[in-house]
Amino acid sequence: MASKSKLQKFAELVENPIVFDKKPVLKGKWKSDFFKNNHPIVLELACGKGDYTLGMAKLFPENNYIGMDIKGNRIWSAARIAGLENLQNVAFIRDQIDHLNEYFEAGEIDEIWITFSDPFPRKGDARRRLTSSKFLPIYKSVLNKDGIIHVKTDSDLLYEFTKETLLEIPSEILKDYPDVYAMIKNEELHGIQTYYEKMHLKDNRTIKYLCFKICP
């Protein structure tokens, strides 16, 4: 069967009821109007093909999961799998992460995952890193008071940059694994490996993990 064109995928994306393509229409109403339950909401940023969103949704049906990315082709792939597997606790947003607080009210999110996001290695691009001082206040504005943020990366630069940035604001690092696979136990990562993580492991790259919260 021939693969779908980008135009076909885009048309399907616009019509897909679990995809919100630059449509911030559910702010403050995700639980009541979309998921129709009062379960915690977990957000995956720069979700790509939604490996963590889909993986956790299957492992923890008692939670709601939302993946966010700007790449329509990736969101299409993730939403297609969610549909094929009839996952009722999944949604996707296609938009820039800068617009996050257009989609969520204060305190609406319980957890955020940032998995293998672009480290933007050039010094002049530091503010584009998803753990920069530009983005952390946005996350704080949508997380509840006990909300936590997970970062998983192969990038030494992003890992160290994140820790340095957290020193500049009221925050607490809850877990710091400089080498995930050297740990005897890492259950909090749920055994899920993203597409990029598998590639990095084949290249013998070290996977790092941070879990932290931003304090009031």
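1. Ile-41 lies in strand S2 (residues 41-45); helices (H or I, at least four residues) and strands (E, at least two) are DSSP runs, numbered from the N terminus. The model is a predicted one, in which local features need pLDDT of at least 70 and side-chain atom pairs count only at pLDDT 80 or more, while totals for chains, interfaces and linings use all residues. Residues are numbered from 1 along each chain as its sequence is written, and side-chain values use heavy atoms, with hydrogens and water left out.

2. Ile-41 has a relative accessible area of 0% and is buried. Buried here means under 20% relative accessible area, exposed means over 50%, and partly exposed is in between (1.4 Å probe, protein chains only). Beyond its neighbours within four places in sequence, Ile-41 is in contact with Trp-30, Lys-31, Asn-64, Ile-66, Glu-108, Ile-109, Asp-110 and Glu-111, where contact means heavy atoms within 4.5 Å. Glu-12 is 29 residues from Ile-41 in sequence, and the C-alpha atoms of the two are 25 Å apart in space.

3. On the overall fold: the protein has 8 helices and 8 strands. Its radius of gyration is 17 Å, close to the 17 Å that the globule rule gives for 216 residues, so the protein is as compact as a globular protein of that length. The radius is taken over C-alpha atoms, and the rule is 2.2 Å times the number of residues to the power 0.38. The C-alpha trace spans about 45 × 40 × 35 Å along the principal axes of the protein.

4. Of the 216 residues, 46% count as buried. Among contacts in the protein with a separation of 6 or more, 75% come from residues 24 or more positions apart.

5. Which residues of helix H3 (residues 51-59) are buried? They are Tyr-52, Thr-53, Leu-54, Gly-55, Met-56 and Ala-57. The cover over the buried residues of H3 includes S2, strand S3 (64-69), H4, strand S4 (90-94), strand S5 (109-115) and strand S6 (143-153).

6. Thr-53, found in helix H3, can be taken as an example. At 1% relative accessibility, Thr-53 counts as buried. Not counting residues up to four places away in sequence, Thr-53 touches Glu-44, Cys-47, Tyr-65, Ile-66, Gly-67, Val-90 and Phe-92. Of these, Ile-66 is 13 residues from Thr-53 along the chain, with 6.6 Å between their C-alpha atoms. Ile-66 is also among the contacts of Ile-41.

7. Helix H1 (residues 6-15) packs with helix H4 (residues 72-84) at an angle of about 60°, and their axes are 10 Å apart. That angle makes H1 oblique to H4. Axes are lines fitted to C-alpha atoms, for helices over the stretch in contact, and angles run from 0 to 180 degrees between N-to-C directions. Angles under 35 degrees count as roughly parallel, over 145 as roughly antiparallel, 65 to 115 as roughly perpendicular, and the rest as oblique.

8. The crossing of H1 and H4 is left-handed, a term used if the near helix is turned anticlockwise from the far one by less than a right angle, with right-handed used if clockwise. H1 contributes Lys-9, Glu-12 and Leu-13 to the contact, and H4 contributes Gly-72, Asn-73, Ile-75 and Trp-76. These residues divide into 3 nonpolar, 2 polar and 2 charged. Ala, Val, Leu, Ile, Met, Phe, Trp, Tyr, Cys and Pro count as nonpolar, Asp, Glu, Lys and Arg as charged, and the others, Gly among them, as polar.

9. Ala-11 is in helix H1 and, at 41% relative accessibility, counts as partly exposed. Ala-11 and Trp-76 are 65 residues apart in sequence and 10.0 Å apart in space, C-alpha to C-alpha.

10. Lys-22, in the loop between strand S1 (19-21) and helix H2 (30-35), has phi near 55°, a positive value in a residue other than glycine. Lys-22 counts as partly exposed, at 48% relative accessibility. Phe-120 is not a glycine either, and has a positive phi of about 45°. Phe-120 is found in the loop between S5 and helix H6 (136-142) and counts as buried at 16% relative accessibility.

11. The loop between S5 and H6 also holds Asp-125, which is buried with a relative accessible area of 15%. The C-alpha atoms of Asp-125 and Asp-33 are separated by 38 Å, and the two residues are 92 apart along the chain.
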